[in-house]
Amino acid sequence: MRGVQGAADRAVQHARAWLLETEPGSRVHDVQLDPRFQHRGVDLLWELPSGEVRGIEVKGDRQATRRRYFFELISNLEKDTPGCFLYSGADLMLYVFLTQGELHALPLPRVREWFLPRAKEYALKHAFTQTGAIRYTTVGAVVPVRDVSEGVPGVTVVKLKRPAPGRPEPKPGVEPAAASEPEAPEAPESQGPRRTGT
């Protein structure tokens, strides 16, 4: 789980840095461990200088060559709980491809609206997570990046800044998350605790 947690933390760090750079003077509040936001599928609150607050969901993906999103449709198959892609109240999903060094900003309501009528066109993947004696299954749709960028207006892709050689990535003070997203070849890491949809 340490690899999952590390990837999730790095995804949140990149997301936070990008949000602050995109809107100078804005503030980012980490609400991953706040029960009021966990069931809403919101990990960060982005407070703009205008006073507007936007909900942000962050996903981290460590796969080296993948050019596909993993949209979580069922978070726990054994308990039949919906995945965050379906219930998240976030305005943006920041999908961070860690190995490729890219951050994709997806307007989540528009992506969901585009995806749902086409859901049967995409393969489903199962990922498994073991936490102590408990093992559960997450199910998600594997959707090519190109399909989303061509079908949904407003998708933004940015190259992440790499730290200088010999220097670690900056730690912007993001509180560590209790990630428990599947550690399987086709599943990205979530930065927040497992959401149950309750």
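**View 1. Strand 4 pairs with strand 9 in this predicted model.** The two strands run antiparallel and share 6 bridges. Phe 71 stands opposite Ala 141 of strand 9. Strand 4 is mostly covered, with 7 of its 9 residues buried. Strand 9 spans residues 134-144. Strand 4 spans residues 68-76.

**View 2. Strand 4 and strand 5 form a hairpin.** The strands are antiparallel and joined by 2 bridges. Ile 74 has Pro 82 of strand 5 as its bridge partner. Between the two strands lie 4 residues. Asp 80 sits in this turn. Its phi is positive, about 55 degrees, although Asp 80 is not a glycine. Most residues other than glycine have a negative phi. Asp 80 is exposed, at 60% relative accessible area, because the cut-off for exposed is over 50%.

View 3. Thr 81 has 10% relative accessibility, so Thr 81 counts as buried under the 20% limit. Thr 138 is 57 residues from Thr 81 in sequence. In space, their C-alpha atoms are 9.4 Å apart.

**View 4. Tyr 69 and Phe 97 form a tilted aromatic pair.** A pair of aromatic rings is described by the distance of the centres and the angle of the planes. The model holds 9 aromatic pairs. In the pair of Tyr 69 and Phe 97, the ring centres are 5.9 Å apart and the planes meet at 35 degrees, so the pair is tilted. Tyr 69 belongs to strand 4 and Phe 97 to strand 6 (residues 92-97), so the pair ties together parts 28 residues apart in sequence. Both residues are buried. The charged end of Arg 67 sits over the ring of Phe 97, 6.0 Å from its centre.

**View 5. Phe 115 and Tyr 122 form a stacked aromatic pair.** Their centres are 6.2 Å apart, with 25 degrees between the planes. The angle is under 30 degrees, so the pair counts as stacked. Phe 115 is buried, at 1% relative accessible area. Tyr 122 counts as buried too, at 11%. Both residues belong to one aromatic cluster, together with Tyr 69, Phe 71, Phe 85, Tyr 95, Phe 97 and Trp 114.

**View 6. Arg 40 sits over an aromatic ring.** The ring is that of Phe 37. The charged end of Arg 40 lies 5.4 Å from the ring centre.

**View 7. The largest nonpolar core holds 26 residues.** Tyr 69, Phe 71, Phe 85, Leu 106, Phe 115, Val 143 and Val 148 touch the most other members. Strand 4, strand 6, helix 4 (108-115), strand 9 and helix 5 (145-151) each give two or more residues to this core. Leaving aside residues up to four places away in sequence, Tyr 69 touches Tyr 95, Phe 97, His 104, Leu 106, Ala 141, Val 142, Val 143, Val 145 and Val 148. Another core lies apart from the largest one and has 19 residues. Among them are Ala 11, Trp 18, Leu 98 and Leu 160.

Key: Residues numbered from 1 in each chain as written. Predicted model: local features only at pLDDT ≥ 70, side-chain atom pairs only at ≥ 80, totals over all residues. Heavy atoms only, no water. Buried < 20%, exposed > 50% of the residue type's maximum accessible area, 1.4 Å probe, protein only. Phe/Tyr/Trp six-rings, centres within 6.5 Å; stacked < 30°, edge-to-face > 60°. Lys NZ or Arg CZ within 6 Å of the ring centre and 35° of its normal. Core = buried A, V, L, I, M, F, W, Y, C linked by side-chain atoms within 4.5 Å. Contact = heavy atoms within 4.5 Å. Pairing = 2+ DSSP bridges.
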